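Keep the picture open while you read.

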Amino acid sequence: MQMKYTAYKLIQFCFLILCILSLPISVFAQVTTLKTNVPNSHILHIELKGKGTVTVDGNTYTKSADVQINRHSETTISVQPSDGYSLKTALWNGDNITSAVRNKKWTSPAFEQDSVLSVSFERVGTIPMTGDGFHFLQWCLLAVCSAVGIGICLLLRKRKAI
Amino acid sequence: MKKVIAFVMAIAMVFSMAVTVSAESTTTITTFVPAATYTLNIPADQEITYGTTSKSIGNVTITDSANFADGKNVRVKIEYDAFKSDEVSTKIPYNIYASATGRTNGGSYGSGGSTSITVNKPSGSAFIFEGSANGTCSEFFNIEKGGYGTDTSTISINISIASSDWGKALGGNYSTTLTFTSEIYVEE
């Protein structure tokens, strides 16, 4: 008797499902999925000009290099000119940060993207000159040679006259 | 006998009287309204490059439409939420907007120029595709009521993400879904 009752209930349920499924459906839904990846680290591209070094995370670089930095970390960068040189300019993603370099150190903002640090060193005491970069000693030597040459010419002239 | 004959003659007289009552005639006209049908096309699944602040992701269009009429339109509702990750707790919010090139009125000086149309589409807003008397539904949604027309080839759905929101997000893989729900409705 109980089995008959259960079967009866099952048939009723199936019939109900069938009725629901047969109802006309006029609403349709479709989905577009967008994905993205946020990196865990970024590349710091160091551009070095002149004589000096750049130290990042304990690693010292004497020429241009790419360094991997953890995302959202702030990094202290040391800028050390070689003897006879000084820091000329420091650019961070094109922005001039030279005046922000204190005691040859500068702390970057939290890394959120690949970045470029451009450091340029110049010789100390260099007088800017237009034209060629001929050195002072060489100019003196040239002047001495010219004077000697002129002296020889005058002497020869004198001898001819005699 | 005479009474019988008189009765029969009276009955015969009654039945011989002309009857002039006329009955009503009806004509029944029937018709069948078929269900409107269409195909909804939505932007494909795709990858958004880190740092992108604005990008076209495709378009929403209706094709293969039939059995529509003036005022019988398709409404496509868009629903979405921020990018989320299973790996980290940060979310990346974004906005969806529709864009197109519209035409401007040249007035009495000749043909008009073009103008840029941008319409914000927050979650829960809808795109309306209008039915027409020829039985079809417009392939492109109506981006701008009024105006002097739109270059439908330039209609686009776009995503915009603020750079600062990219910056706040922790490293990881994120995803989001845009749900497009369409239904036929009749303008009142």
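Helices here are DSSP runs of H or I with at least four residues, numbered from the N terminus. With that in hand, look at helix α2 of chain B: B:Lys168 and B:Asp165 both sit in it, three residues apart, which is about one turn of the helix. Their side chains form a salt bridge at 3.9 Å, N to O. B:Lys168 is exposed at 58% relative accessibility, whereas B:Asp165 counts as buried at 18%.

Keep in mind that this is a predicted model. Over all chains, the search turns up four salt bridges.

| Salt bridge | N to O distance |
|---|---|
| B:Glu183 and B:Arg75 | 3.3 Å |
| B:Glu79 and B:Lys77 | 3.8 Å |
| B:Lys168 and B:Asp165 | 3.9 Å |

What does the pair B:Glu183 and B:Arg75 tie together? B:Glu183 belongs to strand β10 of chain B and B:Arg75 to strand β5, so the link joins parts 108 residues apart in sequence.

Now for the place where the chains touch. Chain B brings 33 residues to the contact and chain A brings 19. About 2300 Å² is buried between them, with carbon and sulfur atoms giving 50% of that. How many salt bridges cross this interface? Zero, by the rule used. On chain B's side, β10(B) gives the largest share, 13 residues. Strand β1 of chain A also pairs with β2(B) in the parallel sense, over two bridges, and A:Leu34 stands opposite B:Gln46.

Methods:
Residues are numbered from 1 along each chain as its sequence is written. Chains are lettered from A and ligands numbered from 1 in the order in which they are written. This is a predicted model: local features need pLDDT of at least 70, side-chain atom pairs count only at pLDDT 80 or more; totals for chains, interfaces and linings use all residues. Side-chain values use heavy atoms; hydrogens and water are left out. Contact means heavy atoms within 4.5 Å. Buried area is the accessible area (1.4 Å probe) that two parts lose on being put together, summed over both. Two strands pair if DSSP finds at least two bridges between them. Buried means under 20% relative accessible area, exposed over 50%, partly exposed in between (1.4 Å probe, protein chains only).
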